[in-house]
Amino acid sequence: MQSTFIINQNPDWLLKIHTSNVQIREMEKGKLPIRIICTGRVYRNETISARSHCFIHQAEGLYIDENASFADLKQRLYFFAQEMYGKDIKPRFRPSYFPFTELNVEMDITCFICGVKVYRMCQQTGWVEVLGCGKVHPKVLENCSIDSNKYTSFAFGMGIERPAMLLNGVNDIRLFSENDFRFLKQFAAMT
Ligand SMILES: [Zn+2]
């Protein structure tokens, strides 16, 4: 779905656009249930602006078990959002499209920065998109020899720059990769 960067020497090689390629390695092991979180840097050929960059860092979760339902997914993400952003936030789920899931959804949370200061993140809509999620398409499970009649599954993925920006009041994603010590030093106490 995203444009990425092809490596010149070998046109079959490209920089990964998401961390979902880790999922298949785990599924191919054939050990169920599966509960994993994977992280990594991902690349997208996008115009660089305050809100998007040509590379971000992604965290992704995959859960496969006999009764993994969409309700489970929603409840877990709601719990995550409250732990991450505070008890007062409200989630909103919007239909979306990803090729490898069905019931594709993007989750927004209520913006907790509006009114506090001028901020570009929600563009005054009151909602901030924080992640994409869905039930893994049965075809994906079948291709990994997992019985999709017995097992169901959900997955979610998010860029970690977004929460870092929201929680630290950073209004320009480019600051993370400019190696300006004045900017980076504020995070020293958090490591
Ligand atoms: Zn806002």
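Start at the end of H4, where Gly 169 follows with a positive phi, near 65°. This is a predicted model: local features need pLDDT of at least 70, side-chain atom pairs count only at pLDDT 80 or more, and totals for chains, interfaces and linings use all residues. Residues are numbered from 1 along each chain as its sequence is written.

Helices here are DSSP runs (H or I, at least four residues), strands likewise (E, at least two), numbered from the N terminus.

Now H4 itself, residues 161–168. Its buried residues are Glu 161, Met 165 and Leu 166. Buried means 20 or more other C-beta atoms within 10 Å of the residue's own; exposed means 12 or fewer; partly exposed is in between; C-beta atoms are placed from the backbone. The three span an arc of only 130° around the axis, so they share one side of H4. That arc is taken over directions from the helix axis to the C-beta atoms. They pack against strand S2 (55–65), H2, S5 and S6. Contact here means C-beta atoms, placed from the backbone, within 7 Å.

On to H2, residues 70–85. Which of its residues are buried? Leu 73, Leu 77 and Ala 81. Their arc is only 65°, which puts them on the same side of H2. An α-helix has 3.6 residues a turn, so residues three or four places apart point the same way. The cover over H2's buried residues includes S3 (91–95), S4 (101–110), S5 (127–136) and S6 (152–159). On the other side, Ala 71, Gln 75, Phe 79 and Glu 83 are exposed. Just after H2, Gly 86 has a positive phi of about 120°.

Definitions and conventions:
Two residues are in contact if their C-beta atoms, placed from the backbone, lie within 7 Å.
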